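Let's read a protein model together, one feature at a time.

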Amino acid sequence: IKAEGYDKATVIGHDWGAPAAHGAASFAPGRWSKIVTMAVPPGPALGAAFLGNLAQLKRSWYMFFFQHPLADMVVPAGDLSFIDMLWEDWSPGYDGAADAARVKDCLRDPANLAAALGYYRATLGAGYQDPSLDAVQAATQSVPPQPMLYLHGATDGCIGVDVAESARAMVTPNVTIEIVDGAGHFLQVERPDVVNARILEFLA
């Protein structure tokens with residue numbers, strides 16, 4: 001932000017980018033004016049779903065599979081067809097082949113794939129976490145204090161819309177939660193007209 005000559009900025013994050021945005025906004029609130037996140041709700045809703053929502057545990061099976069060394073062989077097999085399967089599950093009815101192809105281009109480098117799987121292993125398993133970043137990591141589970149818009153696809157097959165709905169009771173009044181009809185997990189590429197228009201309206 002400072003390098004660009006500003007004191008504050010807006011941060012927008014999707015999926016893993018959502019808790020990163022929540023953490024940045026909560027850990028250094030003075031740097032951010034507004035927050036927009038998608039697909040992973042702020043606060044404890046997802047964690048609570050892991051404890052009491054069997055449907056969400058079923059949707060999140062891949063996170064637990066990634067803890068096992070078998071994932072290092074299965075995910076890259078068949079030109080990363082695992083990625084195609086996830087996209088089909090997460091955004092049903094959307095032809096994400098072109099988008100998935102770009103993801104696969106990134107993950108063909110074994111170091112990149114190891115880093116991607118490492119996110120899940122650090123989050124749920126025995127993967128490395130830097131103790132000096134404990135406070136920042138904890139902030140990723142917070143509800144940011146700034147004006148915030150949260151968007152979630154109605155047919156999201158990765159994190160169910162029921163998890164987003166449950167978050168309504170777990171956030172503060174500065175957070176607006178909206179469901180985007182006709183969109184799954186990758187709502188910003190499935191319904192860019194609706195998502196971009198709503199973000200611009202919120203920022204204005």
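**Reading the model step by step**

Q: How many residues does helix 8 have, and what span does it reach?
A: Helices are DSSP runs of H or I with at least four residues, strands are DSSP runs of E with at least two, and both are numbered from the N terminus. The expected span of a helix is 1.5 Å times one less than its number of residues. Helix 8 has 15 residues and reaches 21 Å from its first C-alpha to its last, close to the 21 Å expected at 1.5 Å a residue.

Q: What should I know about the model before going on?
A: This is a predicted model, in which local features need pLDDT of at least 70 and side-chain atom pairs count only at pLDDT 80 or more, while totals for chains, interfaces and linings use all residues. Residues are numbered from 1 along each chain as its sequence is written, and side-chain values use heavy atoms, with hydrogens and water left out.

Q: Which residues of helix 8 are buried?
A: Buried means under 20% relative accessible area, exposed means over 50%, and partly exposed is in between, using a 1.4 Å probe and protein chains only. In helix 8, the buried residues are L113, L117, Y120, R121 and A122. An α-helix has 3.6 residues a turn, so residues three or four places apart point the same way.

Q: What covers those buried residues of helix 8?
A: The cover includes helix 4 (61-65), helix 5 (71-74) and helix 7 (97-107).

Q: How do I read the pairing of strand 1 and strand 2?
A: Two strands pair if DSSP finds at least two bridges between them. Strand 1 (residues 9-14) and strand 2 (residues 32-38) run parallel and are joined by five bridges. As an example, A9 stands opposite W32 in strand 2.

Q: What unit do strand 1, helix 1 and strand 2 make?
A: A crossover is right-handed if, with the strands pointing away from the viewer, the path from the first strand over the helix to the second runs clockwise. Strand 1, helix 1 (residues 17-27) and strand 2 make a β-α-β unit that is right-handed. Another right-handed β-α-β unit is made by strand 3, helix 10 (residues 161-167) and strand 4.

Q: How many bridges pair strand 3 with strand 4?
A: Six bridges pair strand 3 (residues 148-153) with strand 4 (residues 175-180), in the parallel sense. Within this pairing, H152 has I179 in strand 4 as its bridge partner.

Q: Is H22 buried or exposed?
A: H22, found in helix 1, counts as buried because its relative accessibility is 1%. Contact means heavy atoms within 4.5 Å. Leaving aside neighbours within four places in sequence, the contacts of H22 include T37, V40, P41, A139 and M148.

Q: What about A21: buried or exposed?
A: A21 also lies in helix 1, and its relative accessible area of 2% makes A21 buried. Apart from neighbours within four places in sequence, A21 is in contact with V11, G13, I35 and T37. A21 and W32 are 11 residues apart in sequence, and their C-alphas are 9.7 Å apart in space.

Q: How many aromatic pairs does the structure hold?
A: Rings of Phe, Tyr and Trp (its six-membered ring) pair if their centres lie within 6.5 Å; planes under 30 degrees apart count as stacked, over 60 as edge-to-face and the rest as tilted. The structure holds 14 aromatic pairs. One of them is the edge-to-face pair of W16 and Y119, at 4.9 Å centre to centre with 65° between the planes. This pair links distant parts of the chain, 103 residues apart: W16 is in the loop between strand 1 and helix 1, and Y119 is in helix 8 (residues 110-124). W16 is partly exposed, with a relative accessible area of 31%.

Q: Where does the charged end of K34 sit?
A: A charge sits over a ring if NZ of Lys or CZ of Arg is within 6 Å of the ring centre and within 35 degrees of the ring normal. The charged end of K34 sits over the ring of F202, 5.0 Å from its centre.

Q: Which phi value does L80 have?
A: L80, in helix 6, has a phi near 60°, a positive value in a residue other than glycine. L80 is buried, with a relative accessible area of 3%. D79 lies in helix 6 (residues 77-90) too, and its phi is near 55°.
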